[in-house]
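Below are some notes for a colleague who is reading a structure of this kind for the first time. Please keep the model open beside the text and look up each place as it is named.

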Amino acid sequence: MAQYNYETQSEKYEFISGQHGGYYRHEFIDHAYLYNLYFPPETVFTSFKDQIHDIVLNYPVAQDALAGLIGNLIDQPAERIVVGNGAAELIKIISGHISNKLIVPVPSFNEYTNAAPTGQVVEFPLEFPSFQLDIDKFAAEAIMAKADVAVVVTPNNPTSMLVPKSDLIDLAQKLADHECMLIVDESFMDFAHNPDQTTLEHEIERYPNMVILKSMSKAYGICGLRIGYMLTANSEFAEAVRKGVHIWNINGFAEEFLRILPDYRMEFVESCKQVRIDRDNLYKKLCDIPEMTVYKPDANFVFCRLPDHAQSGPEVTRRLFIEHNMYIKHCQDKTLPDPDRYIRIASRTDTENCKLVEALADVIGLNKVDVS
């Protein structure tokens, strides 16, 4: 512990809560970060080991070749793809350098707002308390604000709710005549039921103002490799984003992962099935906590409103860590009514999820909850 300048569990919490990663070094159960625990398989790491000298000693390929690797994976032409050092790099380019006025439903992933210059973001509140997106109202607000970029995260973070595909197509059509690009962030789409039928990747050719953005960290369990991509049939928008990335923005390990990933399609599909099973079981167990409002999830995490008698989200999060060495995400920094009453819980294995529910019930002052 001295290496990280903390001596007690409370001090450890204060340190961890100010970090954005590196959690594996600190020996606690991470129900905060959102990634697939069942992928990649061990043979992927063996491949890295076998190639490590070439990977470390040589320059990785540039953007055109990387786009081809992603294109091979998702069956799309390379010219429609821009590969980023995680989706965060692409978000920074779009929010910070391309968009003049961006609109995003809230609560949502904060980076779209954080990456934009002050005064260039309109936050559109989701319907409360359902947190559903009213497409008609959102489109009207985007048009009135003269937004040139509208963002929808689906499934949304932190609510874990999917926006219907038909609604997003309708939204793209409503915005098309107003020079507004629709960014659909599908970073958690692989955890939804029937993702192949829900994704809009197959629709982009019909909607030139539509852009798909995807972080691969979540679904593929590769947070440390930092890979994300953007897909659009709008060549002008693609080129504008492409100009914003560095010539070698992706490292050799990420390149090697993209090269071998097509060999693991079946393993990936099966891993996402297991994530859905664990997630659905976690949802059911959380629903057994009296007076807890639990929103039905489509991603690999569950969004909850704490019972009125419970302490605040930040305090519950702190106590879970100090008393049970488990870390969840409170939503105090999100834009929504009563943000300190909401928490987000990442699904892990079924055993870990059961322990989390028991610990949460203990912290909020309930008797033992049946997690069988």
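1. Helix α12 contributes the most to the lining of the second largest pocket, giving five residues. Helices here (H or I, at least four residues) and strands (E, at least two) are DSSP runs, numbered from the N terminus. The model is a predicted one, in which local features need pLDDT of at least 70 and side-chain atom pairs count only at pLDDT 80 or more, while totals for chains, interfaces and linings use all residues. Residues are numbered from 1 along each chain as its sequence is written, and side-chain values use heavy atoms, with hydrogens and water left out.

2. The lining of this second largest pocket is made by 20 residues, and those nearest its centre are Asp190, Asp196, Tyr220, Phe268 and Val269. A pocket is found on a 1 Å grid over the protein atoms alone, as an open set of points where a 1.4 Å probe fits, with protein on both sides within 12 Å along at least five of seven lines; lining residues have an atom within 4 Å of a point. At least two lining residues come from each of α3 (63-74), α8 (195-198), α9 (216-220) and α12 (265-287).

3. What classes of residue make up the lining of the second largest pocket? There are 11 nonpolar, two polar and seven charged residues, where Ala, Val, Leu, Ile, Met, Phe, Trp, Tyr, Cys and Pro count as nonpolar, Asp, Glu, Lys and Arg as charged, and the others, Gly among them, as polar.

4. Two cis peptide bonds deserve a look. One joins Phe39 and Pro40, with omega about 0 degrees, and Pro40 is placed in the loop between β1 (29-30) and α2. Another joins Val106 and Pro107, with omega about 5 degrees, and Pro107 is found in the loop between β3 (102-106) and α5 (111-114).

5. Please also check two backbone angles. Phe131, in the loop between β4 (121-125) and α6 (135-144), has phi near 60 degrees, a positive value in a residue other than glycine. For Lys146, in the loop between α6 and β5 (149-153), phi is likewise positive and near 60 degrees.

6. Are Phe131 and Lys146 buried or exposed? Phe131 counts as buried, at 4% relative accessibility, whereas Lys146 is exposed, with a relative accessible area of 70%. Buried means under 20% relative accessible area, exposed over 50%, and partly exposed in between (1.4 Å probe, protein chains only).
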